[in-house]
Amino acid sequence: MGSESSFAEVTGNTPMDSAEKRLNELGYKQELRREMTMFKTLAISFSTMTLFTGITPLYGSSLQYAGPATLVWGWIVVSFFTWFVGIAMAEICSSFPTTGSLYFWAAHLAGPKWGPFSSWCCAWLETIGLIAGIGTQAYAGSQTLQSIILLSTGTNKGGGYFAPKWLFLCMYIGLTVIWAALNTFALEVIALIDIVSIWWQVIGGLVIVIMLPLVALTTKSASFVFTHLELAPESTGISSKPYAVILSFLVSQYSLYGYDAAAHLTEETKGADKNGPIAILGSIGIISVFGWAYILALTFSIQDFGYLYDPNNETAGAFVPAQILYDAFHGRYHNSAGAIILLFVIWGSFFFGGLSITTSAARVVYALSRDKGVPFSYLWRQLHPKYKVPSNAVWLCAAICILLGLPILKVNVVFTAITSICTIGWVGGYAVPIFARLVMSEKDFKPGPFYLGKARRPVCLVAFLWICYTCCVFLLPTLYPITWNTFNYAPVALGVGLGLIMLWWLFDARKWFKGPVRNIDIQNGKV
């Protein structure tokens with residue numbers, strides 16, 4: 001194996017950097033190879049957030065709720081509050097550079113009394129969010145591939161092939177299996193892909209943002225893009241402007257998270273107590289700018305607003321960004337080749353995102369299993385004897401993700417539910433350590449190089465309240481009237497899942513689960 005291997009054992013005598021020293025103070029010995037640079041960590045974190053994967057699948061629905069103005073300005077509003085969350089997490093990451101990240105943070109910040117329960121809640125929220133996150137990437141990637149196939153075979157109007165549900169499910173499963181296989185047998189390839197990913201998205205993003213408005217025969221006015229508010233009660237069943245505006249923000253709230261991926265890699269990153277926070281905040285900054293530019297490019301390039309949702313249009317009304325791309329390129333060049341190429345760029349972003357999320361999910365399951373917090377932990381914490389990766393954890397995540405996708409065959413709102421479960425689990429996991437940091441005594445906190453000082457209380461308070469709001473809105477119905485085809489079943493799925501997890505804690509786990517388990521003895525030192 002080359003030096004890029006993420007889950008390789010430490011070999012040889014290497015100087016101990018500040019992050020490794022802090023790791024030892026926290027009770028963990030260095031087991032993983034610490035060779036990742038700040039740029040590589042940033043690449044993986046950026047790839048997990050991704051430029052296209054959040055915006056593209058929800059762009060059409062968010063645009064339909066209240067028109068372009070709320071979609072465009074919603075990104076600015078959500079980006080503003082996301083910085084509070086990112087800054088709060090960067091401070092904690094600087095103090096606790098561990099692979100377990102969020103749930104480890106929760107345990108230590110909450111103190112000995114509440115630490116086990118806090119880490120239990122955080123670990124399971126994060127696990128649920130990450131595994132569902134694999135599903136969102138697989139679903140949206142399959143949706144993009146469905147549009148590529150349709151446009152490549154003649155469009156919906158020209159007799160093109162629109163993949164049926166069974167084939168859609170096969171694409172979903174195929175992507176999940178490929179990501180798991182790469183995470184098991186090809187870490188050298190993943191290390192290369194992680195670098196390719198950031199350039200793919202930066203260069204691809206620039207090409208789309210610049211080219212799309214230039215290719216479009218006409219562009220919408222600035223007045224339309226920045227001020228036009230238009231509800232669609234005949235399609236969404238929503239006639240309340242405030243409610244429609246709230247739902248139009250969902251695309252931004254879904255897109256602007258995932259930056260904690262940098263924290264999962266801190267045991268493998270050089271100078272992680274400094275580079276981890278830089279990767280977290282750098283990812284947010286890049287996505288905030290590029291994401292808004294991407295939204296503006298799509299919105300300015302709309303040719304016929306109403307036609308985007310017509311089931312008889314060239315993309316069967318199934319994927320609004322694909323129709324925008326098709327209208328632009330076909331309108332100028334009378335073919336769909338350009339649209340297909342840019343859709344492939346977008347599909348690549350889903351592929352990279354799913355691969356990175358699979359990496360993060362497996363690390364969280366591995367870390368939790370290492371601390372005996374998962375049933376049959378001895379299985380999921382085992383490393384592959386040759387590749388030194390948590391292969392069992394990788395395939396467990398893949399299997400659960402595939403199960404989440406099986407309802408595709410019968411249910412039309414699978415993506416809504418998976419997206420809600422992913423977002424609530426993922427950002428809900430952020431809330432636990434941030435709240436613990438908010439209420440803890442400052443004398444019990446050992447700061448790292450990135451330290452907020454007196455600003456930590458207002459920053460953490462805003463971050464925590466924003467996360468609570470985000471989780472609430474993802475539980476709301478997104479279409480009316482509520483039927484089996486429009487019902488957002490995320491509240492039921494999360495209620496049952498989290499209810500069982502809490503019952504397990506109440507009747508059994510609280511007796512033995514103590515949170516992160518040290519694997520070295522500490523003689524002294526402040527934790």
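Predicted model: local features only at pLDDT ≥ 70, side-chain atom pairs only at ≥ 80, totals over all residues.
Let me begin with a pair of helices: helix 6, which covers residues 165–185, packs against helix 15, residues 337–370, at an angle of about 55 degrees, and their axes are 9 Å apart. On the side of helix 6 the contact is made by Leu175, Ile178, Trp179, Ala180, Leu182 and Asn183, while helix 15 brings Trp347, Phe350, Phe351, Gly354, Leu355, Thr358 and Thr359. If we sort the residues of this contact between helix 6 and helix 15 by class, we find nine nonpolar, four polar and no charged residues.

Staying with helix 15, we can turn to another partner, helix 7, which runs over residues 187–215 and packs with helix 15 at an angle of about 145 degrees, with the axes 10 Å apart. The crossing of helix 7 and helix 15 is left-handed. Among the residues of helix 7 that take part are Ile190, Ile193, Asp194 and Trp200, and they belong to a set that meets residues of helix 15 including Leu342, Phe344, Phe352 and Leu355. By class, the contact of helix 7 with helix 15 has 12 nonpolar, six polar and one charged residues.

One further residue of helix 15 deserves a mention, and that is Ala367. Is Ala367 buried or exposed? Ala367 is buried, since its relative accessible area is 1%. Its C-alpha atom is separated by 8.5 Å from that of Pro516, although Ala367 and Pro516 are 149 residues apart along the chain.

Let me move on to the nonpolar core. The largest nonpolar core has 144 residues, and of these Tyr59, Val85, Trp105, Tyr430 and Ile434 touch the most other members. Which helix gives the most to this core? That is helix 5, residues 101–152, with 20 residues. Thr136 is also found in helix 5, and with a relative accessible area of 1% Thr136 is buried. Leaving aside residues up to four places away in sequence, Thr136 touches Tyr254, Phe415, Ile418, Thr419 and Cys422.

Finally, I would like to look at some details of the backbone. Most residues other than glycine have a negative phi, and most peptide bonds are trans. Thr155, in the loop between helix 5 and helix 6, has a phi near 70 degrees, a positive value in a residue other than glycine. Thr155 counts as buried, because its relative accessibility is 8%, and the cut-off for buried is under 20%. Ala316 also has a positive phi, near 65 degrees, and Ala316 lies in the loop between helix 13, residues 272–300, and helix 14, residues 320–333. As for the peptide bonds, a cis one joins Tyr480 and Pro481, with omega at about -5 degrees. Where does Pro481 lie? Pro481 is in the loop between helix 19, residues 456–473, and helix 20, residues 490–507.

Technical notes
Residues numbered from 1 in each chain as written. Heavy atoms only, no water. Axes fitted to C-alpha atoms, helices over the stretch in contact; angles between N-to-C directions. Helix = DSSP H or I, 4+ residues; strand = E, 2+ residues; numbered from the N terminus. Contact = heavy atoms within 4.5 Å. Nonpolar A, V, L, I, M, F, W, Y, C, P; charged D, E, K, R; others polar. Core = buried A, V, L, I, M, F, W, Y, C linked by side-chain atoms within 4.5 Å. Buried < 20%, exposed > 50% of the residue type's maximum accessible area, 1.4 Å probe, protein only. Left-handed = near helix turned anticlockwise from the far one by under 90°.
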